[in-house]
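Subject: Structure handover

Hello,

Here is the structure we discussed, with the sequence alongside. My notes on what was found follow below it.

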Amino acid sequence: MDQAPAPQPTERCAAASLEDLTPCQGPHDAVTVLDGTGNVATGCEHHGTWALASSEGACVEPGSVVGAASRAYAASQAIRQFRSADANA
């Protein structure tokens with residue numbers, strides 16, 4: 001018995017950058033990123049990580065996924081270090 005694949009959501013989370021065409025990973029409310037200028041974006045863990053890494057002075061707050069904020073923070077620090085090293089090369 002063949003079944004049609006489940007439809008995939010076409011919407012992306014609010015933390016996804018317009019330039020980043022990667023799909024969301026997980027719930028769209030996994031983390032909340034505050035960018036340091038008053039802007040707030042709730043997003044998936046993947047896009048929350050990149051938003052956090054891309055914004056100086058940003059912070060992350062927990063959302064619907066336990067541990068996602070801690071993982072997003074740790075991953076964003078690694079991305080920042082990589083970008084910093086790459087910029088100095």
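Valine 33 touches Asn39, Val40, Ala41, Gly48, Ala51, Leu52, Ala58, Cys59 and Val60, once residues up to four places away in sequence are left out. Please keep in mind that this is a predicted model.

Val33 also belongs to the largest nonpolar core, a set of nine residues. H2 gives the most, with three residues. There is also a second, separate core of five residues, among them Ala15, Ala16, Ala41 and Cys44. As background, nonpolar side chains in soluble globular proteins tend to be buried together.

Threonine 32 lies in strand S1, which covers residues 31–34. With a relative accessible area of 15%, threonine 32 counts as buried, because the cut-off for buried is under 20%. Beyond its neighbours within four places in sequence, threonine 32 is in contact with Val40, Ala41, Thr42, Cys59, Val60, Glu61 and Pro62.

Threonine 49 sits in helix H1, residues 45–54. Its relative accessible area is 8%, so threonine 49 is buried too. Not counting residues up to four places away in sequence, threonine 49 touches Ala72, Ala75, Ser76 and Ile79.

Regards

How values were computed:
Residues are numbered from 1 along each chain as its sequence is written. This is a predicted model: local features need pLDDT of at least 70, side-chain atom pairs count only at pLDDT 80 or more; totals for chains, interfaces and linings use all residues. Side-chain values use heavy atoms; hydrogens and water are left out. Helices (H or I, at least four residues) and strands (E, at least two) are DSSP runs, numbered from the N terminus. Buried means under 20% relative accessible area, exposed over 50%, partly exposed in between (1.4 Å probe, protein chains only). Contact means heavy atoms within 4.5 Å. A nonpolar core is a set of buried Ala, Val, Leu, Ile, Met, Phe, Trp, Tyr and Cys residues joined through side-chain atoms within 4.5 Å.
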